[in-house]
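Here is a short report on backbone angles and charged contacts. Look over the sequence and the model before reading on.

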Amino acid sequence: MKSSLPYVLISLLGGAIIPLQLAMVSSFRQSSNASQIQATFYLYLGGTIASLLLSFVISGGIKPPNMQNAQWWQYLTGFLGSFYILFMFIAAPKIGSASTLLWVFLGQMLFATLLAHYGFLGLEVRKIEPIKLFGLALIAIGGGVLIWAEK
């Protein structure tokens, strides 16, 4: 059985990028007087360029071999991502970046748990167990502590 440690480390690195990204966009907004949605646009523009370059380097191009099999709704992920980023930009100045990211993480974990429980969108079914609910409760308690500590 292969170790999952490299994937945990990659996930931690991915997680470390998000607060850095949040801070960079906040700085961009301050220096450029951009609105939250304008800052979101430039974040996605940069992401589009990076994805384009990485697609050519890693996959040799941007068109998947079986693109014709994709459903219309599968193209909406960028649309959802814009709201994800926008909501973080709205919340972070009010409750702080650490609290924002914790509540975003809790929202992700709650929804991912529900999606997996029901096997939504073809996900492997992973039933909700009491220990998972306990873990989610610990995250919520941590969020409460972060907000309490800010007062």
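How many salt bridges does a search of the whole structure find? The search finds one. A salt bridge here is a side-chain nitrogen of Lys or Arg within 4 Å of a carboxyl oxygen of Asp or Glu. The partners are Arg126 and Glu124, whose side chains meet at 3.6 Å, N to O. Arg126 is partly exposed, at 48% relative accessible area. Glu124 is exposed, at 55%. Buried means under 20% relative accessible area, exposed over 50%, and partly exposed in between (1.4 Å probe, protein chains only).

This is a predicted model: local features need pLDDT of at least 70, side-chain atom pairs count only at pLDDT 80 or more, and totals for chains, interfaces and linings use all residues. Residues are numbered from 1 along each chain as its sequence is written, and side-chain values use heavy atoms, with hydrogens and water left out.

Now the backbone. Most residues other than glycine have a negative phi. Asn33 has a positive phi although it is not a glycine. Leu121, also a residue other than glycine, has a positive phi too.

| Residue | Phi | Loop between | Relative accessible area |
|---|---|---|---|
| Asn33 | about 60 degrees | α1 (5-32) and α2 (36-59) | 69% |

Helices are DSSP runs (H or I, at least four residues), numbered from the N terminus. Is Asn33 buried or exposed? Asn33 is exposed.

Methods. Helices (H or I, at least four residues) and strands (E, at least two) are DSSP runs, numbered from the N terminus.
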